[in-house]
Amino acid sequence: MKAGIVSYGAYIPRYRIAPKTIGAVWGNDGEAMGRNLNIRAKSVPGPDEDVITISVEAARACMAKVSIEPTDIGAIYVGSESHPYAVKPTATIVAEAIGATPVLTAADFEFACKAGTAAIQTTMGLTISKMMKYGMAVGADTSQGAPGDALEYSASAGGAALLVGTDHVAAEINHTVSYTTDTPDFWRREGQRYPSHGGRFTGEPAYFKHVVSCAQLLFKRAGSQPQDYDYAVFHQPNGKFPVRAAKQLGFKDAQVDTGLCVRDIGNTYSGAIMVGLSAILDEAEPGDRIFAVGYGSGAGSDGFDITVTDAISKLRRDATPTVKRMIETHEFIDYATYAKFRGKILLREA
Amino acid sequence: MTQAIPRFWREIQSRYNLVGSKCGSCGKVDFPPRAVCPDCGRKSIGKMQSFKLCGKGTVVTYTTIYDAPSQFDMQKPYVMAIVEMDEGVRLTTQLINVKPEDVKIGMKVQATFRKLGQDGEAGVIHYGYKFRPAGS
Ligand SMILES: [Zn+2]
């Protein structure tokens with residue numbers, strides 16, 4: 001028996017800031033920075049948005065596409081590195097807000113940018129083993145780069161939720177493999193506001209080694225080649241890394257284009273590959289095959305070989321805005337507004 | 001501030017999911033939920049059901065807040081509106097994703113999930129509904 005994606009939903013905040021606007025504040029050529037990262041804009045959460053509200057919006061968009069009782073969901077796992085509480089789960093609030101409580105299990109996951117894909121694998125196991133009918137895996141983040149740091153040009157906000165199960169499967173997960181090592185390329189210590197990273201160390205020994213190794217394992221497991229897929233999507237910390245990894249693996253630009261949302265919204269961390277996958281599912285047709293490899297610093301990659309089924313045409317894909325529509329619905333803000341929204345301005349205690 | 005926790009906790013169903021009440025005797029919908037129907041009184045006792053609003057409504061009237069409590073400094077100026085839900089019941093809510101000058105009476109709006117406030121940096125965070133223009 002195979003598990004798969006029963007439904008999906010994404011959410012992207014409407015505010016945007018351009019690399020040029022960020023660069024102007026720090027005396028850098030932001031436009032060149034944006035070109036170099038292949039990022040035109042990044043999403044910014046409103047002052048009343050956080051990982052909990054983004055997860056709820058994504059989970060509701062996911063449930064709006066199907067006529068499944070929320071109480072049939074046996075597990076909700078939310079992957080993020082920016083949970084609003086250090087102690088108190090995001091997942092319980094999501095469960096309550098979609099009406100899935102009280103008979104379910106819930107937890108928050110953390111594995112840098114791949115906590116959401118780890119949640120997909122967990123819910124696959126729980127549903128294949130018949131412990132429950134459906135599980136929900138959410139990946140969402142509102143990550144911040146330290147002001148002036150290179151990460152500030154890419155760290156953005158967004159998320160997606162996948163309903164996973166073995167019935168009414170709209171996209172079957174044929175294979176999943178992971179590749180994990182202890183690699184300190186990016187981290188944030190408890191109590192620290194902004195993350196730290198290993199600079200150039202984040203590229204070859206971290207992102208590329210894990211993504212490419214995991215992808216090659218997945219080809220081997222599935223007995224497939226790049227040309228067997230209609231779409232390919234990778235973790236996208238910027239618009240450059242996934243394009244280079246795809247090329248190295250033998251994929252063509254046309255296969256990567258649909259899921260490469262980072263160019264317009266920046267790096268949504270745990271949300272990134274799941275938002276990209278949602279953009280693909282928004283337009284995929286029965287029989288389409290998708291190759292997906294995520295990445296989380298620390299470090300590891302989860303890979304998925306997916307085939308879209310006839311059931312995708314039964315999903316109410318127009319019930320909520322598509323990823324493309326959410327990318328188009330935006331409002332650009334200046335750096336001062338961005339600093340205010342992101343709590344970068346010190347205030348008198350309320 | 002912590003004495004507010006039980007009250008917020010009791011109101012989670014109405015704040016998160018717009019759950020009101022419906023009178024089993026006359027069919028009147030109330031939000032927030034009531035234990036007794038204001039029209040039927042004693043006749044409604046034991047007949048009140050919980051009832052989830054669909055989340056869609058129309059702006060009846062609104063006002064722009066320029067002088068906000070310090071918790072809402074980040075959002076001002078912002079719009080507070082009275083919205084008539086499709087089920088007929090009215091509620092007061094913040095309107096988001098729209099500039100004050102673009103708000104119109106009669107505008108179609110829909111519920112969304114947002115952070116409402118928090119009990120300081122170390123306290124509980126409160127979540128619930130706000131409204132945005134329909135289709136935005
Ligand atoms: Zn009544």
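Analyst: Read along the sequence, chain B runs α-α-β-β-β-β-β-β-β-β. This is a predicted model, so local features need pLDDT of at least 70 and side-chain atom pairs count only at pLDDT 80 or more, while totals for chains, interfaces and linings use all residues. Residues are numbered from 1 along each chain as its sequence is written, chains are lettered from A and ligands numbered from 1 in the order written, and side-chain values use heavy atoms, without hydrogens and water.

User: How do you know which size of globule chain A agrees with?

Analyst: The test is the radius of gyration, taken over C-alpha atoms; the globule rule is 2.2 Å times the number of residues to the power 0.38. For 350 residues, a compact globule would have a radius near 20 Å. Chain A has 19 Å, so the value agrees. Its C-alpha atoms fill a box of roughly 55 × 50 × 40 Å along the principal axes. For chain B the box is roughly 45 × 40 × 25 Å.

User: Why is the pair A:Lys2 and A:Glu172 called a salt bridge?

Analyst: A salt bridge needs a side-chain nitrogen of Lys or Arg within 4 Å of a carboxyl oxygen of Asp or Glu. Here the N to O distance is 3.9 Å. That is within 4 Å, so the pair qualifies. A:Lys2 lies in the segment before strand 1 (4-11) and A:Glu172 in strand 8 (residues 171-183), so the pair ties together parts 170 residues apart in sequence.

User: Why is A:Lys2 called partly exposed?

Analyst: Its relative accessible area is 41%.

User: What makes A:Arg40 and A:Asp264 a salt bridge?

Analyst: Their closest N and O atoms are 3.0 Å apart. The limit is 4 Å, so the pair counts. A:Arg40 sits in the loop between helix 2 (30-37) and strand 3 (42-44), and A:Asp264 in helix 9 (residues 262-265), 224 residues apart. A:Asp264 has 23% relative accessible area and is partly exposed.

User: How do you know that A:Glu204 and A:Arg244 form a salt bridge?

Analyst: The closest N and O atoms are 2.9 Å apart. This is within 4 Å, so the pair passes. A:Glu204 lies in helix 6 (residues 203-222) and A:Arg244 in helix 7 (residues 241-249), 40 residues apart. A:Glu204 is partly exposed at 46%, and A:Arg244 is partly exposed at 38%.

User: Which residues are linked in a network of salt bridges?

Analyst: The network links A:Asp48, A:Glu49, A:Glu57, B:Arg114, B:Lys130 and B:Arg132. Over all chains, the structure holds 20 salt bridges.

Note on methods
Helices (H or I, at least four residues) and strands (E, at least two) are DSSP runs, numbered from the N terminus. Buried means under 20% relative accessible area, exposed over 50%, partly exposed in between (1.4 Å probe, protein chains only).
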